[in-house]
Amino acid sequence: MRASVLVEPGVIEIRECPVPTPAPGDVLVRVASVGVCGSDAHYYREGRIGEFVVDQPMVLGHEASGTVVGVGDGVPAARIGQRVSIEPQRPDPDTDESRRGLYNLCPHMQFYATPPIDGALAEYVTIGSAFAHAIPDEMSEDAAALCEPLSVAIATTRKAGVTAGSRVLIAGAGPIGIAMVQTALAFGATEVVVSDLDPRRRDVATKFGATAVLDPREQDVAGLHVDAFVDASGAPSAVLAGIQAVRPAGSVVLVGMGAPEMTLPVQTIQNRELVLTGVFRYANTWPTAIALARSGRVDLDSMVTRRFPLAEAEQALNADRTPGSLKAVVRVQE
(Lines give C-alpha, C1' and ligand atoms only; values in the text may rest on other atoms or scores of the structure.)
Protein backbone atom coordinates (compact mmCIF):
# COMPACT_ATOMS: atom_id res chain seq x y z
CA MET A 1 0.00 0.00 0.00
CA ARG A 2 0.98 3.64 -0.36
CA ALA A 3 1.69 5.65 2.77
CA SER A 4 2.79 9.22 3.34
CA VAL A 5 5.81 8.98 5.62
CA LEU A 6 7.45 11.75 7.64
CA VAL A 7 11.11 10.87 7.13
CA GLU A 8 12.51 13.83 9.07
CA PRO A 9 11.24 17.31 9.88
CA GLY A 10 10.18 18.98 6.65
CA VAL A 11 10.55 15.82 4.53
CA ILE A 12 7.56 13.71 3.42
CA GLU A 13 7.90 10.67 1.13
CA ILE A 14 5.25 8.47 -0.45
CA ARG A 15 6.40 4.93 0.23
CA GLU A 16 5.22 1.40 -0.46
CA CYS A 17 4.52 -0.30 2.87
CA PRO A 18 2.97 -3.65 3.86
CA VAL A 19 -0.79 -3.68 4.38
CA PRO A 20 -1.31 -4.18 8.14
CA THR A 21 -2.91 -7.38 9.38
CA PRO A 22 -5.81 -6.97 11.82
CA ALA A 23 -5.03 -8.50 15.21
CA PRO A 24 -7.75 -10.27 17.22
CA GLY A 25 -10.46 -7.73 17.99
CA ASP A 26 -9.30 -5.39 15.21
CA VAL A 27 -10.74 -4.30 11.90
CA LEU A 28 -8.83 -3.42 8.75
CA VAL A 29 -10.01 -0.12 7.26
CA ARG A 30 -9.50 1.13 3.73
CA VAL A 31 -8.87 4.80 4.44
CA ALA A 32 -10.97 7.37 2.59
CA SER A 33 -10.45 10.81 4.15
CA VAL A 34 -7.89 12.18 6.60
CA GLY A 35 -8.16 15.65 8.11
CA VAL A 36 -4.96 17.57 8.73
CA CYS A 37 -4.58 18.69 12.35
CA GLY A 38 -2.31 21.39 13.73
CA SER A 39 -0.38 18.66 15.54
CA ASP A 40 0.36 16.97 12.20
CA ALA A 41 1.75 20.23 10.84
CA HIS A 42 3.79 20.71 14.01
CA TYR A 43 5.35 17.25 13.79
CA TYR A 44 6.03 17.86 10.10
CA ARG A 45 7.81 21.17 10.71
CA GLU A 46 9.38 20.71 14.14
CA GLY A 47 9.62 16.94 14.61
CA ARG A 48 8.21 17.14 18.11
CA ILE A 49 5.43 18.40 20.34
CA GLY A 50 6.68 18.82 23.89
CA GLU A 51 7.80 15.42 25.18
CA PHE A 52 6.58 13.61 22.04
CA VAL A 53 9.56 13.40 19.67
CA VAL A 54 9.67 11.86 16.18
CA ASP A 55 12.92 9.86 16.16
CA GLN A 56 12.10 7.45 13.33
CA PRO A 57 10.01 7.59 10.13
CA MET A 58 6.32 7.90 10.99
CA VAL A 59 2.97 8.18 9.21
CA LEU A 60 1.01 11.27 10.24
CA GLY A 61 -2.77 11.78 10.42
CA HIS A 62 -5.30 10.90 13.11
CA GLU A 63 -8.58 12.34 11.79
CA ALA A 64 -9.77 9.51 9.58
CA SER A 65 -12.65 7.66 7.98
CA GLY A 66 -12.97 4.72 5.64
CA THR A 67 -14.56 1.33 5.00
CA VAL A 68 -13.99 -1.91 6.89
CA VAL A 69 -12.47 -4.45 4.49
CA GLY A 70 -11.20 -7.09 6.90
CA VAL A 71 -11.63 -8.32 10.46
CA GLY A 72 -9.47 -10.03 13.05
CA ASP A 73 -10.44 -12.99 15.17
CA GLY A 74 -13.47 -12.35 17.34
CA VAL A 75 -14.95 -9.65 15.10
CA PRO A 76 -18.11 -10.52 13.13
CA ALA A 77 -17.59 -10.72 9.38
CA ALA A 78 -20.78 -8.64 9.08
CA ARG A 79 -18.66 -5.59 9.82
CA ILE A 80 -16.99 -5.88 6.41
CA GLY A 81 -18.35 -3.16 4.14
CA GLN A 82 -19.31 -0.77 6.95
CA ARG A 83 -18.37 2.87 6.47
CA VAL A 84 -16.72 4.08 9.66
CA SER A 85 -15.30 7.05 11.50
CA ILE A 86 -12.10 6.09 13.29
CA GLU A 87 -11.50 6.98 16.92
CA PRO A 88 -7.70 6.84 16.71
CA GLN A 89 -6.97 5.45 20.16
CA ARG A 90 -5.72 2.15 21.61
CA PRO A 91 -5.95 2.41 25.40
CA ASP A 92 -4.94 -0.37 27.75
CA PRO A 93 -8.29 -1.56 29.18
CA ASP A 94 -6.65 -2.67 32.43
CA THR A 95 -5.31 0.71 33.62
CA ASP A 96 -7.05 2.60 36.41
CA GLU A 97 -7.90 5.41 34.02
CA SER A 98 -9.54 3.12 31.50
CA ARG A 99 -11.47 1.32 34.22
CA ARG A 100 -12.86 4.68 35.37
CA GLY A 101 -14.00 5.44 31.82
CA LEU A 102 -11.24 8.03 31.31
CA TYR A 103 -9.44 5.95 28.74
CA ASN A 104 -8.08 9.06 27.00
CA LEU A 105 -5.78 9.47 30.02
CA CYS A 106 -4.47 5.90 29.86
CA PRO A 107 -0.69 6.08 30.46
CA HIS A 108 -0.14 3.27 27.96
CA MET A 109 -2.20 4.85 25.18
CA GLN A 110 -1.23 4.15 21.60
CA PHE A 111 -2.59 7.07 19.60
CA TYR A 112 -2.42 7.49 15.84
CA ALA A 113 0.41 9.78 14.68
CA THR A 114 1.87 10.20 18.16
CA PRO A 115 5.44 8.84 18.20
CA PRO A 116 6.14 6.04 17.64
CA ILE A 117 2.63 5.04 16.45
CA ASP A 118 1.83 5.39 12.74
CA GLY A 119 -1.22 7.36 11.72
CA ALA A 120 -3.77 7.26 8.93
CA LEU A 121 -2.13 8.92 5.92
CA ALA A 122 -1.97 5.50 4.30
CA GLU A 123 -4.29 3.38 2.19
CA TYR A 124 -5.05 0.94 5.03
CA VAL A 125 -4.98 1.03 8.83
CA THR A 126 -6.10 -1.22 11.67
CA ILE A 127 -7.98 -0.18 14.80
CA GLY A 128 -9.86 -1.92 17.58
CA SER A 129 -13.34 -2.86 16.43
CA ALA A 130 -15.02 -0.76 19.13
CA PHE A 131 -13.12 2.30 17.93
CA ALA A 132 -14.36 2.02 14.33
CA HIS A 133 -17.72 3.74 14.61
CA ALA A 134 -20.33 2.98 11.94
CA ILE A 135 -21.68 6.09 10.22
CA PRO A 136 -25.03 6.71 8.53
CA ASP A 137 -25.35 6.59 4.76
CA GLU A 138 -25.94 10.32 4.50
CA MET A 139 -22.68 11.25 6.25
CA SER A 140 -19.79 12.05 3.91
CA GLU A 141 -16.36 10.53 4.36
CA ASP A 142 -14.90 13.97 5.01
CA ALA A 143 -17.44 14.65 7.77
CA ALA A 144 -16.74 11.23 9.27
CA ALA A 145 -13.04 12.09 9.47
CA LEU A 146 -13.84 15.39 11.17
CA CYS A 147 -15.74 13.62 13.94
CA GLU A 148 -12.29 13.61 15.56
CA PRO A 149 -11.88 17.39 16.02
CA LEU A 150 -15.59 17.56 16.77
CA SER A 151 -14.95 15.08 19.58
CA VAL A 152 -12.36 17.47 21.03
CA ALA A 153 -15.04 20.17 21.00
CA ILE A 154 -17.59 17.85 22.63
CA ALA A 155 -15.16 16.90 25.39
CA THR A 156 -14.40 20.59 25.93
CA THR A 157 -18.08 21.59 25.97
CA ARG A 158 -18.82 18.94 28.56
CA LYS A 159 -15.89 20.07 30.71
CA ALA A 160 -17.10 23.67 30.46
CA GLY A 161 -20.55 22.69 31.69
CA VAL A 162 -22.28 24.34 28.74
CA THR A 163 -26.04 23.87 28.86
CA ALA A 164 -29.28 25.62 27.93
CA GLY A 165 -28.87 29.38 28.29
CA SER A 166 -25.09 29.36 28.75
CA ARG A 167 -22.97 32.34 27.71
CA VAL A 168 -19.62 31.24 26.29
CA LEU A 169 -16.42 33.01 25.24
CA ILE A 170 -14.07 31.20 22.84
CA ALA A 171 -10.55 32.45 22.09
CA GLY A 172 -9.34 31.29 18.70
CA ALA A 173 -11.33 30.64 15.54
CA GLY A 174 -9.30 27.81 14.07
CA PRO A 175 -10.80 24.37 13.42
CA ILE A 176 -11.31 23.56 17.12
CA GLY A 177 -12.70 27.01 17.82
CA ILE A 178 -15.20 26.70 14.97
CA ALA A 179 -16.19 23.20 16.09
CA MET A 180 -16.61 24.65 19.59
CA VAL A 181 -18.94 27.39 18.32
CA GLN A 182 -21.23 24.82 16.73
CA THR A 183 -21.07 22.40 19.65
CA ALA A 184 -21.77 25.05 22.28
CA LEU A 185 -24.85 26.17 20.33
CA ALA A 186 -25.97 22.56 19.92
CA PHE A 187 -25.66 22.09 23.70
CA GLY A 188 -27.98 25.05 24.25
CA ALA A 189 -25.72 28.09 24.60
CA THR A 190 -27.60 31.28 23.75
CA GLU A 191 -24.53 33.51 23.41
CA VAL A 192 -21.22 32.44 21.86
CA VAL A 193 -18.61 35.18 21.59
CA VAL A 194 -15.43 34.48 19.60
CA SER A 195 -12.17 36.38 19.95
CA ASP A 196 -9.52 36.19 17.22
CA LEU A 197 -6.84 38.48 15.77
CA ASP A 198 -7.60 37.54 12.14
CA PRO A 199 -10.61 39.29 10.59
CA ARG A 200 -11.06 36.41 8.11
CA ARG A 201 -11.35 33.95 10.97
CA ARG A 202 -13.78 36.20 12.78
CA ASP A 203 -15.92 36.21 9.64
CA VAL A 204 -15.81 32.41 9.54
CA ALA A 205 -16.89 32.25 13.18
CA THR A 206 -19.89 34.43 12.34
CA LYS A 207 -20.76 32.16 9.41
CA PHE A 208 -20.82 29.16 11.75
CA GLY A 209 -23.14 30.82 14.25
CA ALA A 210 -21.10 32.95 16.65
CA THR A 211 -23.43 35.56 18.12
CA ALA A 212 -20.59 38.10 18.40
CA VAL A 213 -16.93 38.36 17.38
CA LEU A 214 -14.22 40.70 18.56
CA ASP A 215 -10.61 41.71 18.04
CA PRO A 216 -8.83 41.33 21.40
CA ARG A 217 -6.45 44.17 20.50
CA GLU A 218 -9.35 46.58 20.30
CA GLN A 219 -12.01 45.21 22.67
CA ASP A 220 -11.68 44.23 26.32
CA VAL A 221 -13.51 41.02 27.21
CA ALA A 222 -13.30 41.51 30.99
CA GLY A 223 -16.86 42.78 31.32
CA LEU A 224 -18.54 39.92 29.46
CA HIS A 225 -19.32 37.88 32.62
CA VAL A 226 -19.67 34.63 30.67
CA ASP A 227 -20.50 31.27 32.21
CA ALA A 228 -17.59 29.55 30.48
CA PHE A 229 -14.38 30.54 28.74
CA VAL A 230 -12.66 28.15 26.33
CA ASP A 231 -9.17 28.87 25.08
CA ALA A 232 -8.62 27.33 21.66
CA SER A 233 -5.68 29.59 20.80
CA GLY A 234 -2.89 28.59 23.17
CA ALA A 235 -1.91 32.25 23.55
CA PRO A 236 -1.08 33.27 27.16
CA SER A 237 -2.55 36.73 26.61
CA ALA A 238 -5.85 35.19 25.47
CA VAL A 239 -5.96 32.91 28.52
CA LEU A 240 -5.36 35.80 30.93
CA ALA A 241 -8.02 37.97 29.30
CA GLY A 242 -10.51 35.13 29.11
CA ILE A 243 -10.23 34.30 32.79
CA GLN A 244 -11.16 37.88 33.64
CA ALA A 245 -14.31 37.52 31.53
CA VAL A 246 -15.77 34.64 33.58
CA ARG A 247 -18.47 35.19 36.20
CA PRO A 248 -18.04 33.85 39.75
CA ALA A 249 -18.22 30.04 39.89
CA GLY A 250 -17.80 29.83 36.13
CA SER A 251 -15.56 27.51 34.11
CA VAL A 252 -12.27 27.92 32.25
CA VAL A 253 -11.18 25.15 29.86
CA LEU A 254 -7.80 25.13 28.15
CA VAL A 255 -7.76 23.16 24.90
CA GLY A 256 -5.37 25.17 22.70
CA MET A 257 -1.80 23.91 22.31
CA GLY A 258 0.35 26.81 23.48
CA ALA A 259 3.08 27.71 25.91
CA PRO A 260 4.14 24.87 28.24
CA GLU A 261 3.99 27.29 31.17
CA MET A 262 2.23 30.57 31.84
CA THR A 263 1.44 32.89 34.75
CA LEU A 264 -2.19 32.79 35.89
CA PRO A 265 -4.23 35.29 37.97
CA VAL A 266 -4.51 33.02 41.01
CA GLN A 267 -6.30 35.59 43.15
CA THR A 268 -9.04 36.01 40.54
CA ILE A 269 -9.41 32.23 40.25
CA GLN A 270 -9.64 31.88 44.04
CA ASN A 271 -11.88 34.84 44.75
CA ARG A 272 -14.35 33.93 42.02
CA GLU A 273 -14.10 30.19 42.73
CA LEU A 274 -13.48 29.49 39.06
CA VAL A 275 -13.07 25.91 37.89
CA LEU A 276 -10.02 25.72 35.61
CA THR A 277 -9.16 22.55 33.75
CA GLY A 278 -7.58 21.23 30.58
CA VAL A 279 -8.72 18.85 27.87
CA PHE A 280 -6.56 16.02 26.54
CA ARG A 281 -8.22 14.35 23.56
CA TYR A 282 -11.60 12.78 24.40
CA ALA A 283 -13.47 9.75 25.70
CA ASN A 284 -16.97 8.47 24.95
CA THR A 285 -17.69 11.22 22.41
CA TRP A 286 -18.18 9.51 19.04
CA PRO A 287 -21.88 8.65 19.33
CA THR A 288 -22.59 12.29 20.20
CA ALA A 289 -20.37 13.55 17.36
CA ILE A 290 -22.14 11.37 14.79
CA ALA A 291 -25.56 12.37 16.13
CA LEU A 292 -24.74 16.10 16.00
CA ALA A 293 -23.44 15.85 12.45
CA ARG A 294 -26.36 13.70 11.32
CA SER A 295 -28.90 16.10 12.80
CA GLY A 296 -27.38 19.09 11.00
CA ARG A 297 -26.69 20.94 14.23
CA VAL A 298 -22.99 20.72 13.39
CA ASP A 299 -21.86 21.22 9.78
CA LEU A 300 -18.55 19.43 9.29
CA ASP A 301 -18.51 19.39 5.49
CA SER A 302 -18.50 23.18 5.33
CA MET A 303 -15.37 23.29 7.49
CA VAL A 304 -13.34 21.69 4.69
CA THR A 305 -11.64 24.40 2.65
CA ARG A 306 -9.17 22.33 0.59
CA ARG A 307 -8.81 18.70 -0.52
CA PHE A 308 -5.62 16.93 -1.65
CA PRO A 309 -4.75 13.44 -2.95
CA LEU A 310 -2.34 11.33 -0.91
CA ALA A 311 0.50 12.19 -3.29
CA GLU A 312 0.11 15.83 -2.23
CA ALA A 313 0.07 15.22 1.53
CA GLU A 314 2.96 17.63 1.99
CA GLN A 315 0.93 20.44 0.41
CA ALA A 316 -1.95 19.52 2.71
CA LEU A 317 0.33 19.85 5.74
CA ASN A 318 1.21 23.36 4.61
CA ALA A 319 -2.36 24.38 3.79
CA ASP A 320 -2.77 26.14 7.14
CA ARG A 321 -0.37 28.80 5.88
CA THR A 322 -2.84 29.81 3.18
CA PRO A 323 -4.97 32.79 4.24
CA GLY A 324 -8.57 31.73 4.75
CA SER A 325 -7.76 28.04 5.15
CA LEU A 326 -9.76 26.30 7.89
CA LYS A 327 -9.44 22.53 7.38
CA ALA A 328 -7.51 20.58 4.76
CA VAL A 329 -8.48 16.99 3.98
CA VAL A 330 -6.44 14.30 2.22
CA ARG A 331 -8.52 12.04 0.00
CA VAL A 332 -6.38 8.93 0.26
CA GLN A 333 -7.84 6.86 -2.57
CA GLU A 334 -7.81 9.65 -5.17
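# Reading a parallel sheet and its surroundings

Mentor: Let us begin with R202, whose place is in helix 6 (residues 199-207), where helices (H or I, at least four residues) and strands (E, at least two) are DSSP runs numbered from the N terminus. This is a predicted model, in which local features need pLDDT of at least 70 and side-chain atom pairs count only at pLDDT 80 or more, while totals for chains, interfaces and linings use all residues. Residues are numbered from 1 along each chain as its sequence is written, and side-chain values use heavy atoms, with hydrogens and water left out.

Trainee: Is R202 buried or exposed?

Mentor: Buried means under 20% relative accessible area, exposed over 50%, and partly exposed in between (1.4 Å probe, protein chains only). R202 counts as buried because its relative accessible area is 14%.

Trainee: Which residues is R202 in contact with, leaving aside its neighbours within four places in sequence?

Mentor: Contact means heavy atoms within 4.5 Å, and on that basis R202 touches D196, L197, V213, L214 and D215. A polar atom of the R202 side chain also lies 2.8 Å from the backbone oxygen of D196.

Trainee: In what order do the six strands of the open sheet run?

Mentor: Strands of a sheet pair through backbone hydrogen bonds, either parallel or antiparallel. Here two strands pair if DSSP finds at least two bridges between them, and the open sheet has the order 15-14-13-16-17-18 with parallel pairing. Strand 15 (212-214) and strand 18 (275-278) are the edge strands, each pairing on one side only. Within the sheet, strand 16 (residues 226-231) and strand 17 (residues 246-254) pair in the parallel sense over five bridges, and F229 stands opposite V252 in strand 17.

Trainee: Which strands does helix 5 lie across?

Mentor: Axes are lines fitted to C-alpha atoms, for helices over the stretch in contact, and angles run from 0 to 180 degrees between N-to-C directions. Helix 5 (residues 175-186) lies across strand 13 (167-171), strand 14 (191-195) and strand 16, running at about 170° to strand 14.

Trainee: Where is a cis peptide bond found, and which residue has a positive phi of about 50°?

Mentor: Most residues other than glycine have a negative phi, and most peptide bonds are trans. A cis peptide bond joins P115 and P116, with omega about 5°, and P116 lies in the loop between strand 10 (110-111) and strand 11 (124-128). E273, which is not a glycine, has the positive phi of about 50°; its place is in the loop between helix 8 (266-271) and strand 18, and E273 counts as exposed because its relative accessibility is 60%.

Notes:
A polar contact is a pair of N or O atoms within 3.5 Å; within protein, one must be able to donate a hydrogen and the other to accept it, and residues adjacent in sequence count only if both atoms are side-chain atoms.
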